[in-house]
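I opened the model to look up its surface contacts. My notes follow the order of the look-ups.

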Amino acid sequence: VGYVFAEAPHRGTMDTSTLRDRLLAEENKLYQQSIGVRNPLQLLGSMQKGQSATIKEGGLLVDLDPNDYMSPPTPGRKIVVLGDTCDSRALAGLAANADVIVHEATN
C-alpha cells in the first residue's frame, strides 16, 4: 500500500523592478493618462494575470509580453508514503524523484 502526494508546479514570479521603471517613465505616464489609466502601475496587475500591456517608450507604442518578465516555474513537491504490508518495488516508478519518502516498517 502506498500513497503519492504531488503538488502542481508553481508559476514563476514577475520581475516588477524592471517593469516599474518602464511604467513610471514620464512619457508613458502621460500616454497612460491620455487613454484613461490614472496609475500606470495598475498594468502590473493585468500583466501578472497574463495580459499584455502597451506602453509608450521612445515615441513608439511598445507591447509588453508578461512572459518576458516571468521567472521559470518552480516544480511542485512530491511526497510518497509507503507501508510494509507488501513488496514496495512495484511502487518504485511512482516514488521516483520524490522530495520526501516515508516508509512505515515494523520489526
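**Entries: patch and salt bridges**

I placed Tyr3 first: Tyr3 is in strand E1 (strands are DSSP runs of E, at least two residues, and helices runs of H or I, at least four, numbered from the N terminus). The model is predicted, so I kept local features at pLDDT of at least 70 and side-chain atom pairs at pLDDT 80 or more, while totals for chains, interfaces and linings use all residues. Residues are numbered from 1 along each chain as its sequence is written, and side-chain values use heavy atoms, without hydrogens and water.

I looked up the nonpolar surface patch and found Val1, Tyr3, Phe5, Ile79, Val100 and Val102, with about 560 Å² of accessible area together. Strands E1 (2–6) and E5 (100–103) each give two or more residues to this patch. Nonpolar patch members have over 30% relative accessible area and no salt bridge, and their side chains are joined within 5 Å; areas are Shrake-Rupley values with a 1.4 Å probe.

I then counted three salt bridges (a side-chain nitrogen of Lys or Arg within 4 Å of a carboxyl oxygen of Asp or Glu).

- I found Glu7 and Arg77 paired at 2.8 Å, N to O. Glu7 is in the loop between E1 and helix H1 (16–23) and Arg77 in the loop between E3 (60–64) and E4 (78–82), so the pair ties together parts 70 residues apart in sequence.
- I found Glu57 paired with Arg22, the closest N and O atoms being 2.5 Å apart. Glu57 is in strand E2 and Arg22 in helix H1, so this pair links parts 35 residues apart in sequence.
- I found Lys29 and Glu26 paired at 3.9 Å, N to O. These two are three residues apart in helix H2, about one helical turn.

Methods: Patches are made of residues with over 30% relative accessible area and no salt bridge: like charges are joined within 9 Å, nonpolar side chains (Val, Leu, Ile, Met, Phe, Trp, Tyr) within 5 Å.
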